[in-house]
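Here is a short briefing on how parts of a protein chain pack together. Look at the model first, then read the points below.

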Amino acid sequence: MEKVIRGKAFIFGKNIDTDQIYPGRYLELTDPQEVGQHVMEGADPGFAKEFRPGDIIVASTNFGCGSSREHAAVALKAVGIGAILADSFGRIFYRNAINLGIPLLVCSHIRDRAKKGDMLKVDLTTGLVTNETTGATAQAQPLSDYVMMILESGGIKPLIRKQYGQRG
Amino acid sequence: MHAVEKILAKAAGKEKVVTGEIINCQVDLAEVNDIYLQTIRSFYEMGGKRVHEPKKITFILDHYAPASTIQQAENQKRMREFCREQGIELLFDVDQGVCHQVMVDHGLVYPGMVLVATDSHTTIHGAFGAFGTGVGATDLATIMITGKLWFRVPEIIRIQLVGKLPQGVFAKDVILKVIGDLKADYAVYKAVEFSGPLLKTLGIAERMTLCNMTTEMGAKTSYIQPDEITREFLQQKAKHKYEIFFSDASYPYAVEHSYNVSNLQPQLAAPHSVDNVHPLENYIGKPMDQAFLGSCTGGRVEDLAIAARILKGRKVHLGTRFIVVPASQGVLLEAMAKGYMQTLVEAGATFVTPGCAACLGTHQGILAAGETCISAASRNFPGRMGHPKAEIYVGSPAAVAAAAVEGRIADPAKYLD
């Protein structure tokens, strides 16, 4: 896993629920690439077109609240999200994203320090976020050892496979 | 320790747990619904071959009940096959209804259990003193493989409820008021307990509504101390022996709030956030294209009963669609036996078979751009029930029924004298 992530910022507000990240009308889709085509469609219909792998979402509080749908995390993973920085996250989304190996960092007031299109650098080891376009910096909460272990393993799936995959 | 901590400690095989600790818990029941084919995919992606304990897994086909597209049908077919292959007997098919109500109806929910489901409203089971929490597909697949899941022991918020509910005001109004005050992210990662004398006047259905919607303030789980009302309800139902846990008197709550509901008015969550809550009277007269009565939040017998009382001898307003979805087959049967379905359909309601229906915008009552809907369900996010430019107002079942009669938002109290 890359410990330093660089990508362009996409900015969102507070309470971006998983219905906005992945609208309910597409829940029957199961192929990750198809799922990815509708990423963030409920919040910004143009997002999927503009987004490039490695880009970073910056949001205010409670990003990913609402429905437990893992499609939200699957969609972001499928398009190659670099990281998500927010004041706080909905708890099920947080678990889903970390399980899939998406770096999520709690970073207070990050939304005030980045504009759409700014180039951000995120150091996952230290939690330091640098806005390379403006020079501003912000300190995210460092990831817990447990979360870091999951991310370094590429998500929870390789971990469980290693521990339990031989059974039965 | 708090009762919730005692439940978690027992499930983790520990004497004691403390707030913030990460523990690995045995899960008593894990439920998968039909938007989660990914659960089966994740199961195999993680090297799963046989489900750890098939008796502790249940599949409930509710979100697409019955299937409206070939893709939905394929997903459900794959789930039925998986249950057969894995010896999972607790498969509830498209005749049964919304997962949470189905599990309650079938006696699978009991105090002191750890219940994990691929649905955010799993907090509802706090109404029975269970630890209920929602997860995604891969966490659920982890349970299918290992029988366990990790949790962080949450801080616990206590909300004391006192007073007497006025005419036309219900548990739904109470929880909307709480969410409006405390906001959508107030309880993220935390547990919410309801206590206080008001609970003695609230039946299981209203307690379920309270606990259900703690999800809308971000809660991991919720809790109501089981009492005589709980025991009596479970007497006929519970399929398991259960242990009731009690909190130590010295337990330090993270925060305590108190609400006196005696002067509470009917509340509405206005578009497009569940914490955008205002008194219903601010919106009286606003035209509604649709009124939605259903879901795990507002589709129980008691909800249909209040609607039938309001609609009895009246008609649904011309130009307004009144969608009625009993939460489960059990609810439907009881509502038929008591004549509620007859009353509602005669009044002009559109009856939809038990399931999640339009609550999450997949089918059976989708909204067009610019349309308005008053809903007894839990969410009014942009696009939740269809077009992102539709407007959803979340209120009590009585407020929904009153709006169905008038075709516009109305105070339900005047229909309840």
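This is a predicted model: local features need pLDDT of at least 70, side-chain atom pairs count only at pLDDT 80 or more; totals for chains, interfaces and linings use all residues.

Residues are numbered from 1 along each chain as its sequence is written, while chains are lettered from A and ligands numbered from 1 in the order in which they are written.

**Two domains of chain B**

- Chain B is assigned domain 1 (3-258) and domain 2 (267-415); such bounds come from an automatic or database domain assignment.
- The C-alpha centres of these two domains of chain B lie 24 Å apart.
- In domain 1 of chain B, 32 residues are in contact with 34 residues of domain 2 of chain B (contact: C-beta atoms, placed from the backbone, within 7 Å).
- On the side of domain 1 that touches domain 2, helices H4 (99-105), H6 (171-182) and H7 (204-212) of chain B each supply at least two residues (helices are DSSP runs of H or I, at least four residues, numbered from the N terminus).
- H6(B) gives the most to that side, with six residues.

**A helix pair in chain B**

- Helix H10 (residues 301-311) and helix H12 (residues 340-347) of chain B pack at an angle of about 50°, with axes 9 Å apart (axes are lines fitted to C-alpha atoms over the stretch in contact, and angles run from 0 to 180 degrees between N-to-C directions).
- That angle makes H10(B) oblique to H12(B), because angles under 35 degrees count as roughly parallel, over 145 as roughly antiparallel, 65 to 115 as roughly perpendicular and the rest as oblique.
- Among the H10(B) residues that meet H12(B) are Leu304(B) and Leu311(B).

How values were computed. Two residues are in contact if their C-beta atoms, placed from the backbone, lie within 7 Å.
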